[in-house]
Amino acid sequence: MSKIIAGKVFVVGDDVNTDEIIPARWCTTTDLDTLGPHALEDLHPSKSPSGLKFEPYAYDIIVAGENFGAGSSREVAPIALAKAGIKVVIAKSFARIFYRNAVNTGLPITRNYALASGAETGQPLSVDVQSEAFLGTMQPLHRAILLAGGLTAFN
Amino acid sequence: MTVAEKILAKAAGVDYVEPGMLVYATVDRVITHELTLPVAAEQFWHGYGRDAKPKNAEQILFVADHTIQIPLIRDDWQSQNMVEKSAEYVKELGIQHAFLPPAPFTSQGICHVLFPELGLIQPDTLVAVIDSHTSTHGAFGAFAVGIGNTDLTEIMASGRLLLDVPPTIRVNLEGRLPEGVYAKDVILFILSQVGINGFTNCVVEFGGLALAHLSADDRSTISNMTVEGGATCGIWPVGQLRSDANAEYKQAMSYDLSRLEPYVAVAYSAANGKPVGQIGNVPIEIAWVGSCTGGKLEDVAAAADVVRGHKVAKGVQFIVAPATLNVMQEAGRRGYLRDIIEAGGHIAQSACGACIAMGPGTTQEGQVAVYSSNRNFKGRSGKGMVYLASPATVAASALAGRVADPREFLHEKVEAWGHE
């Protein structure tokens with residue numbers, strides 16, 4: 001199996017939390033399409049090594065450091081990223097609930113940071129989200145859920 | 001097996017589990033609130049048909065708690081829309097344990113305090129909540145795990161939750177807390193040692209001789225904030241529910257509470273804790289006591305003890321939001337609310353409030369605040385900076401107009417009694 005995703009990278013540092021990914025003030029809605037424009041709106045400037053602010057719809061792949069998605073359980077965090085045009089997240093590590101929510105909602109994520117090593121904000125990157133390299137860090141069942149497109153589709 | 005492993009094995013209907021195994025575990029309690037139920041219900045009906053009913057409606061608890069104070073700070077009609085939708089959906093889903101607002105923009109309390117208080121969280125059960133501070137319920141011997149909307153959708157469909165059995169880290173607490181030092185200081189200290197990623201994907205199991213001196217509220221505070229280190233749950237042994245002598249731990253650590261000082265976590269991380277004496281001169285404009293971490297009866301009592309007979313400093317907003325209506329009523333009966341008001345404080349509705357920038361005490365650009373809550377990420381509680389501390393330290397800071405040591409005020413009182 002193979003599914004190549006190619007696009008522009010946005011690089012962030014360690015411990016990017018869900019309050020930065022989607023501030024709670026935008027979460028009083030069931031219309032999830034409204035979340036995209038606010039993704040990463042509150043990212044602390046020190047966590048963007050390029051010094052650039054994240055722009056929704058301008059990037060395709062997030063490359064992150066340790067503990068991406070720390071903090072709250074809001075499932076709208078991976079959803080907001082997806083709505084903002086993000087198709088893949090590559091990180092050194094993820095916070096537990098974010099990881100779970102991303103798999104459950106079918107957003108491809110990987111802990112194989114080598115796939116993005118040296119990547120810089122604005123550069124192009126291409127990853128195969130169905131390759132062994134991408135999925136290899138994942139438990140078999142999580143992998144199956146992700147490949148199905150999320151937990152509801154899997155069940 | 002550890003306490004967590006025993007609960008998960010039972011919930012999965014197997015004799016033995018170990019870290020790394022995946023289990024389909026039957027959930028005993030599910031808690032949801034107005035920011036999540038409407039999304040999850042619509043997703044459930046989308047996936048399973050508009051007439052679908054949850055398999056386990058009697059196990060689902062609902063309370064509106066997150067958005068209740070919003071109209072006090074901004075015009076956001078959508079938040080009320082979420083509450084109204086929730087009220088409609090709980091009926092359609094057949095959720096009987098729905099703690100709906102007594103009137104618009106009111107609440108019966110914050111879920112992590114309300115449901116344990118009502119006896120709806122029991123030891124040796126599996127609890128799943130769409131909220132990260134679910135780790136709280138480990139204080140009552142439950143294996144409690146924070147989930148997302150899709151997980152809730154699937155629990156409604158099957159009654160079960162897919163879980164990785166996490167490894168357990170053992171934290172032994174020894175010694176007795178000195179006067180003026182509280183459970184909140186314990187967890188801020190521990191987080192300063194392990195960091196914001198120190199417990200990720202692990203259960204924290206508490207042990208040691210200090211347990212005998214820590215109340216249910218104390219345990220709740222400590223478990224609540226284990227998630228700030230990334231923990232799945234912060235669990236305490238209850239009754240016969242204990243880890244086996246040969247249980248395996250990923251790591252073990254031990255802390256002596258008898259020499260602990262009040263701790264304060266500097267913005268923007270709960271793991272940025274330092275002894276209050278090392279904080280320096282930090283003037284504040286807002287002092288807020290509230291949230292699932294710092295709004296329980298003993299938290300309100302600690303704040304009242306500090307401010308009793310004193311006045312709040314000029315230019316400081318001191319706000320106390322008891323975590324539930326029951327806490328509000330009991331704090332009123334015991335005179336705490338009167339003490340707080342006579343000192344110059346304000347009482348706010350039971351709700352998540354300022355902690356998620358949804359109530360009075362939310363910071364404006366340039367403002368510095370000290371909260372008894374759990375999280376001080378940039379932007380979480382408005383545009384200002386939030387320091388995290390115990391309710392007593394928050395109250396002392398309200399009196400001093402700067403981040404202050406509660407012992408300054410408690411000692412004065414001890415001396416005054418000594419003269420009588």
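This is a predicted model: local features need pLDDT of at least 70, side-chain atom pairs count only at pLDDT 80 or more; totals for chains, interfaces and linings use all residues.
Read along the sequence, chain A runs β-α-β-α-β-α-β-β-α-α-α, and its secondary structure comes to 6 helices and 5 strands. The radius of gyration of this chain is 14 Å, close to the 15 Å that the globule rule gives for 155 residues, so chain A is as compact as a globular protein of that length. Its C-alpha trace spans about 35 × 35 × 25 Å along the principal axes. Of the 155 residues, 50% count as buried. Among contacts in chain A between residues at least 6 apart in sequence, 74% join residues at least 24 apart.

The scores are an ipTM of 0.93 and a pTM of 0.96. For chain B, the average pLDDT is 96, and 98% of the residues score at least 70.

Let me turn to chain B. This chain has 13 helices and 18 strands. The globule rule gives 22 Å for its 420 residues, and the radius of gyration is close to that, at 21 Å, so chain B is as compact as a globular protein of that length. The C-alpha trace of chain B extends over about 65 × 55 × 35 Å along its principal axes. Of its 420 residues, 59% count as buried. When one takes the contacts in chain B with a separation of 6 or more, residues 24 or more positions apart account for 77% of them.

How do the two chains meet? In this model, 33 residues of chain A are in contact with 39 residues of chain B. On the side of chain A that touches chain B, helix 1 (18–21), helix 3 and helix 6 of chain A each supply at least two residues. The largest share of that side, 6 residues, comes from helix 3 of chain A.

The buried residues are Asn149(B), Thr150(B), Asp151(B), Leu152(B), Thr153(B), Glu154(B), Ile155(B) and Met156(B). What covers the buried residues of helix 5 of chain B? The cover includes elements of both chains: from chain A, helix 3 (96–105) and helix 6 (151–154); from chain B, strand 2 (29–32), helix 2, strand 5 (126–129) and strand 7 (160–164). Just after helix 5 of chain B, Gly159(B) takes a positive phi of about 80°.

Next, helix packing within chain B. Two packed helices are described by the angle between their axes and the distance between the axes. Helix 2 (residues 37–48) and helix 3 (residues 77–93) of chain B pack at an angle of about 45°, with their axes 9 Å apart. These two helices of chain B are therefore oblique to each other, and their crossing is left-handed. Helix 2 of chain B contributes Leu37(B), Pro38(B) and Ala41(B) to the contact, while helix 3 of chain B contributes Met82(B), Lys85(B), Ser86(B), Tyr89(B) and Leu93(B).

A second pair is formed by helix 9 (residues 297–307) and helix 12 (residues 391–400) of chain B, whose axes come within 8 Å and cross at roughly 30°. Here the crossing is right-handed. From helix 9 of chain B, the contact is made by Asp299(B), Ala302(B), Ala303(B), Val306(B) and Val307(B); from helix 12 of chain B, the partners include Pro391(B), Val394(B), Ala395(B) and Leu399(B). Helix 9 of chain B is largely enclosed by the rest of the structure, because 9 of its 11 residues are buried. Among them are Leu297(B), Val300(B), Ala301(B) and Ala304(B). Gly309(B), which follows helix 9 of chain B, has a positive phi, near 85°.

Finally, one residue in a loop. Ile284(B) is found between strand 13 (273–275) and strand 14 (286–289) of chain B. Is Ile284(B) buried or exposed? With 26 other C-beta atoms within 10 Å, Ile284(B) is buried; the cut-off for a buried residue is 20 or more. Leaving aside its neighbours within four places in sequence, Ile284(B) is in contact with residues including Val316(B), Val368(B), Ala369(B), Val370(B) and Ser397(B).

Methods. Residues are numbered from 1 along each chain as its sequence is written. Chains are lettered from A and ligands numbered from 1 in the order in which they are written. pLDDT is the predictor's confidence in each residue, from 0 to 100. Helices (H or I, at least four residues) and strands (E, at least two) are DSSP runs, numbered from the N terminus. The radius of gyration is taken over C-alpha atoms; the globule rule is 2.2 Å times the number of residues to the power 0.38. A residue is buried if 20 or more other C-beta atoms lie within 10 Å of its own, exposed if 12 or fewer, and partly exposed in between; C-beta atoms are placed from the backbone. Two residues are in contact if their C-beta atoms, placed from the backbone, lie within 7 Å. Axes are lines fitted to C-alpha atoms, for helices over the stretch in contact, and angles run from 0 to 180 degrees between N-to-C directions. Angles under 35 degrees count as roughly parallel, over 145 as roughly antiparallel, 65 to 115 as roughly perpendicular and the rest as oblique. A crossing is left-handed if the near helix is turned anticlockwise from the far one by less than a right angle, and right-handed if clockwise.
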